[in-house]
Amino acid sequence: MSAPKKQQNIVVIGGGVIGCTTAYYLTHHPQFDPSVHAVTLIEAGKLANGASGKAGGLLAAWAYPNNLAKLSFDLHDQLARDYNGTELWGYRRVRCGQLTAVASQRNDSSKLESSSYPNIDLGKWWTRDPKKSPVLPDDLDWFDYKSVQAYEEFADASSTAQVYPLQFTKSMARLAEQSGARIIMGRVEHINCCNADGASGNTSPMTSFNDLTQKKVTSVTYVDKTTLEQQTLPATIVVLAAGPWTPVLHPKVRIHPLRAHSATIKLKRPVSAYCLFSDIRLYDSQPTVTAAKSISLEIYARPNNEVYICSQGDLEIPLPPPDNTVEVSSDKCQDIINAAMSISDELRKGQVTGRRACYLPTLDIGASSDPMVGYTELAGLILATGHSCWGISNAPATGKAISELIIDGKVSCMNVASLDPRRTW
């Protein structure tokens, strides 16, 4: 007769796409046993409160890092087939291209506002030599063809798709909850630990120690959002998936929160399913001015006649607490809208339905870097953060890898050595 399995209290901190997808894969692991594995997800504000509710939702098998991207793309497809993702979170295959265009500014309202702060690439901008031919595909008919200088398609529907991030994240949370996960709305104050050898029963916040190598996780202290009472939840394993807020609980993690603005426009008719990386140069209408201002946009056609548009990021405003509102620059949003409308009559005729901003958990500003997925020097603490602009795309593979790490004791679905948080410590 086998010995009874030891109880595991698994606490996931963060109700964004990484945390919710991790909770889903934990509760859907073949060896998941609710009598043994207690899964609790804690979120400070609301589910998908950050970039997980405001991002574009591009999914790409060609994203980075490679070990996450291809597996995650396939898992997204499987989730959509298993749970009717087409209806529930707008899953569909798309084509992806690079567009270069020039348009004249028509009046003062079309001018790009100047800023003393530099714009920063989000990490997925393509620097290719575009084709010399300006010919657009026949179905990419919602741009002014006279404005287009060059177009190149670099990914088709076999390797590119999209979702509505908010609906996808909430669906993962709901499916996890239906399978046994508990969701708590509250702000985590501390991850607590004690000596790993059990020599001392004293428990203290992990931030009290400089050296965590001889410590282990014991609990999580949080303030309940409804009652405002402080609570302590026992934990044998903590998954820290707090995105740009991760350093608040683990200061050793160096994340640079990058603010990114976006807008949505409702069109009068459906348009073809493309996600475009564009470089738009706007020449001032004054004849004495010859210099052009340039703006890089990501333009995603969505189902239901909606187009999502975002631009490069900035570091102008510090990251607010997770339960506070993000400051939105009306000028930056208007720059995005003006630039997109300058090369598309369909967009000019549409109705602006949203202006928003969010923070990306970026490890290296303006560069591609691998996220942190795996155990840390503190026994029982797992990091799942630093996904930058690819969090929505790479969430399923991240969640699956963590579920295997916790329940199986090792990751079998992929090689995670390059994602080990301890690799740079």
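1. Aromatic pairs. Across the whole structure, which is a predicted model, a search finds 9 aromatic pairs. Rings of Phe, Tyr and Trp (its six-membered ring) pair if their centres lie within 6.5 Å; planes under 30 degrees apart are stacked, over 60 edge-to-face, and the rest tilted.

2. Tyrosine 64 and tryptophan 390. Their ring centres are 6.3 Å apart and the planes stand at 85°, so this pair is edge-to-face. Tyrosine 64 sits in the loop between strand 3 (58–60) and helix 2, and tryptophan 390 in the loop between strand 19 and helix 8, 326 residues apart. Helices (H or I, at least four residues) and strands (E, at least two) are DSSP runs, numbered from the N terminus. Both tyrosine 64 and tryptophan 390 are buried, where buried means under 20% relative accessible area, exposed over 50%, and partly exposed in between (1.4 Å probe, protein chains only).

3. Phenylalanine 154 and phenylalanine 277. Here the centres are 5.7 Å apart and the planes at 45°, so the pair is tilted. Phenylalanine 154 belongs to strand 6 (residues 148–155) and phenylalanine 277 to strand 14 (residues 274–283), so the pair ties together parts 123 residues apart in sequence. Phenylalanine 154 counts as buried at 16% relative accessibility, and phenylalanine 277 is buried at 3%. Trp62, Tyr64, Phe154, Phe277 and Trp390 form one aromatic cluster.

4. Nonpolar cores. A nonpolar core is a set of buried Ala, Val, Leu, Ile, Met, Phe, Trp, Tyr and Cys residues joined through side-chain atoms within 4.5 Å. The largest has 48 residues, of which Met172 and Ile406 touch the most other members. Helix 8 gives the largest share of this core, 8 residues. Apart from it lies another core of 30 residues, including Leu99 and Ile336.

5. Histidine 387. This residue lies in the loop between strand 19 (381–385) and helix 8 (391–407). Histidine 387 counts as buried because its relative accessibility is 6%. Leaving aside residues up to four places away in sequence, histidine 387 touches Ile18, Pro361, Pro371, Val373, Asn394 and Thr398; contact means heavy atoms within 4.5 Å.

6. Cysteines. With a disulfide taken as a pair of cysteine sulfur atoms within 2.5 Å, the count is 0. The closest cysteine sulfur to that of cysteine 310 is in cysteine 358, 8.5 Å away and therefore too far for a bond.

7. Conventions. Residues are numbered from 1 along each chain as its sequence is written, and side-chain values use heavy atoms, without hydrogens and water. In this predicted model, local features need pLDDT of at least 70 and side-chain atom pairs count only at pLDDT 80 or more, while totals for chains, interfaces and linings use all residues.
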